[in-house]
Amino acid sequence: MLLNSWSIALLLCGLIVLFLMGLAARSAIRVLLFWNPESDSNRQIRLENEIWLTSTLVEYALGIQIISLIVFVLAANFYSQSIAGAMCATGSLLANSFGVPALLVKIGGVFFYGFWIVLHQLDIHSEQYPLVRKKYLYLLFLIPLLILDLSLEILFITGLKPDIITSCCAVVFDDATGGGSNLIGGFSHGLSMELFYGTAGVLIGIGSFLLRQRQRWMVVLFSSGWLWFFLLALAVVTTEFSSYIYAMPFHKCPFCILKPEYHYIGFVMYFALFMGAFFGMSAAVIEPLRFVDGLESGVAGYQRSAVKFSLLFLVFFVLVSSYHYWRYILIGGEG
Amino acid sequence: MLIELKNVTKIYNQEQVNEVTALREIDLTIDDNSMTCLRGASGSGKSTLLAIIGCVFQPTTGRVSIAGKQLSRLPDRFLTLHRRQYIGFIFQTFNILPTLTVQDNITLPLVPLGIPPAEMRRKAAVLMERFGIAHRRNFPASQISGGELQRVAIARALINNPPLILADEPTAHLDSRLSEEFMHFMKDLKSAGKTIIITSHDPLVTEHADVDRVLDIKDGRIDAA
């Protein structure tokens with residue numbers, strides 16, 4: 001499956017990002033060894049100029065890597081046309097043992113890469129370069145993640161063979177399917193909707209409180225709540241909401257909602273969910289930076305905006321994802 | 001104290017075959033509300049020094065502080081804000097845009113600040129009146145005389161009401177009458193509390209009674225104060 005435009009785009013993108021990060025790693029090592037904002041030496045001044053270019057490149061590289069999650073899912077969907085038994089990205093991802101890990105690493109990467117961009121933005125909005133060491137140390141930790149991301153992607157793509165027989169989403173996410181092939185086997189449906197709406201309500205409550213009065217433990221609670229809600233929402237979309245979108249009780253799939261026949265509603269839902277979760281979680285991630293000189297107001301300002309955006313995305317996500325479900329409950333289906 | 005330079009060195013094209021050391025270990029303090037002249041031959045480094053004080057260039061080593069704030073190493077976006085707010089530049093060739101009107105040239109530094117057009121015109125009108133170019137308000141800059149161009153350049157440097165005025169060889173292309181006029185304007189600005197730094201080797205400037213201090217620059221070093 002290497003020689004098609006999706007694979008080439010994904011691999012090229014991954015290699016370019018890794019190359020840029022490799023260059024940035026050299027700057028990162030110099031920063032960790034020699035960075036001294038008190039010094040007026042030529043080395044320090046050159047380092048200050050160098051990190052402007054490096055940081056901008058890293059910011060764009062990580063931005064591209066975040067967007068590559070969408071390309072990866074679209075590619076997986078495209079591969080399903082050539083794999084026996086696959087009807088959508090689910091079948092492709094399960095066609096070998098690297099598909100699901102590759103997707104999970106990419107999903108996790110969205111948050112880890114995004115947090116670096118937040119750190120960078122906070123840093124360049126201060127006059128004193130307060131986060132240079134921290135963000136370059138973090139950058140060095142991101143490189144193994146990027147290598148893992150790219151390696152799993154390569155193993156997944158090269159491991160896809162047209163003669164593999166895989167399962168389609170109808171089998172994988174069917175309630176009746178037991179055993180290891182059911183990705184959400186054992187997920188209890190009983191409380192899922194109550195938990196979904198309950199957690200959303202609690203998050204809105206905590207978020208509204210945080211917009212009026214900021215308390216450290218509330219920020220941590222809000223972000224932890226978002227982590228829980230993010231995972232819960234992915235499961236609820238798959239097990240509950242998706243079948244109402246497809247208008248087929250036995251069709252449960254987190255990927256088919258990305259298809260044109262469902263008006264790409266999945267993109268809208270996942271965009272809102274990822275953005276909300278990212279802003280919600282980043283509020284706590286940057287909490288320790290409140291005590292860094294020159295960042296007090298920047299961190300407080302970002303946290304306030306992050307809480308506000310996460311609440312807007314939460315409400316939007318809940319409304320869009322629930323639309324077909326409530327429509328069915330209230331007026332009895334598509335007519 | 002307004003301006004302080006410590007151990008400032010500037011090397012162009014560092015580590016290349018055409019490397020040039022323009023300034024060497026400059027230590028300098030310039031007081032508030034003073035007029036200082038940087039005097040030196042062509043290539044002595046005086047324009048480079050002015051550009052470093054004006055945060056246009058970064059020193060290769062050393063630091064520049066203005067009003068107690070370390071400026072030379074601020075990230076670029078903050079330097080831009082600083083330049084807009086605190087520094088007025090008058091260039092040797094004035095750098096007036098010939099296709100814009102006199103008024104539009106003068107209000108140009110206000111454009112990035114998002115000031116309403118009526119307020120920009122009001123500020124420009126005050127300065128045009130002061131420098132006697134109000135009757136040229138709507139003339140394209142290409143159609144006014146050298147003396148008027150000079151006044152437009154001064155008005156443009158003052159439109160933000162900056163506390164620091166930097167003038168790079170401002171009389172190099174002017175006759176003695178216009179040079180006298182220029183120094184008269186500078187004297188008025190000094191009386192209004194501005195700090196003025198002028199690079200020049202024109203005796204009309206360097207020997208002017210209102211110049212508080214003349215610094216001779218030779219081979220990138222300050223010779224005597």
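# Notebook: a two-chain predicted model

**Entry 1: one helix to begin with.** I started with helix α8 of chain A, residues 216–246, which has 31 residues and reaches 42 Å from its first C-alpha to its last, close to the 45 Å expected at 1.5 Å a residue. (The expected span is 1.5 Å times one less than the number of residues; helices are DSSP runs of H or I with at least four residues, strands are runs of E with at least two, and both are numbered from the N terminus.) I then looked for a bend and found a kink of about 45° in α8(A), centred on V237(A). The bend at a residue is the angle between axes fitted to the seven residues ending there and the seven starting there. Just after α8(A), I noted that A247(A) takes a positive phi of about 60°.

**Entry 2: ground rules.** This is a predicted model, in which local features need pLDDT of at least 70 and side-chain atom pairs count only at pLDDT 80 or more, while totals for chains, interfaces and linings use all residues. Residues are numbered from 1 along each chain as its sequence is written, and chains are lettered from A and ligands numbered from 1 in the order in which they are written.

**Entry 3: chain A as a whole.** I looked up the secondary structure of chain A and found 10 helices and zero strands. Its radius of gyration is 22 Å, close to the 20 Å that the globule rule gives for 335 residues, so chain A is as compact as a globular protein of that length. (The radius is taken over C-alpha atoms, and the rule is 2.2 Å times the number of residues to the power 0.38.) The C-alpha trace of chain A spans about 70 × 50 × 30 Å along its principal axes. I also checked burial: 38% of the 335 residues in chain A are buried. A residue is buried if 20 or more other C-beta atoms lie within 10 Å of its own, exposed if 12 or fewer, and partly exposed in between, with C-beta atoms placed from the backbone.

**Entry 4: two domains in chain A.** The domain assignment gives domain 1 (1–165) and domain 2 (168–335); such bounds come from an automatic or database assignment. I find that 22 residues from domain 1 of chain A and 21 residues from domain 2 of chain A take part in the contact. Two residues are in contact if their C-beta atoms, placed from the backbone, lie within 7 Å. On the domain 1 side, α2 (42–79), α3 (89–93) and α4 (99–124) of chain A each supply at least two residues. Helix α4(A) gives the most to that side, with six residues. By class, the domain 1 side divides into 13 nonpolar, eight polar and one charged. (Ala, Val, Leu, Ile, Met, Phe, Trp, Tyr, Cys and Pro count as nonpolar, Asp, Glu, Lys and Arg as charged, and the others, Gly among them, as polar.)

**Entry 5: where A meets B.** Here the contact takes seven residues from chain A and 10 residues from chain B. I noted that α2(A) gives the most to the chain A side, with three residues. That side has two nonpolar, two polar and three charged residues.

**Entry 6: chain B.** I found seven helices and 10 strands in chain B. Its radius of gyration is 17 Å, close to the 17 Å that the globule rule gives for 225 residues, so chain B is as compact as a globular protein of that length. Along its principal axes, the C-alpha trace of chain B spans about 50 × 40 × 35 Å. Of the 225 residues of chain B, 42% count as buried.

**Entry 7: a few loop residues.** I looked at E19(B) in the loop between β1 (3–12) and β2 (20–30) of chain B; with 10 C-beta neighbours inside 10 Å, E19(B) counts as exposed. Leaving out residues up to four places away in sequence, E19(B) touches I11(B), N13(B) and Q14(B). D163(A) is in the loop between α5 (132–158) and α6 (169–172) of chain A. D163(A) and A84(A) are 79 residues apart in sequence and 6.9 Å apart in space, C-alpha to C-alpha. C55(B) has 21 C-beta neighbours inside 10 Å and so counts as buried.
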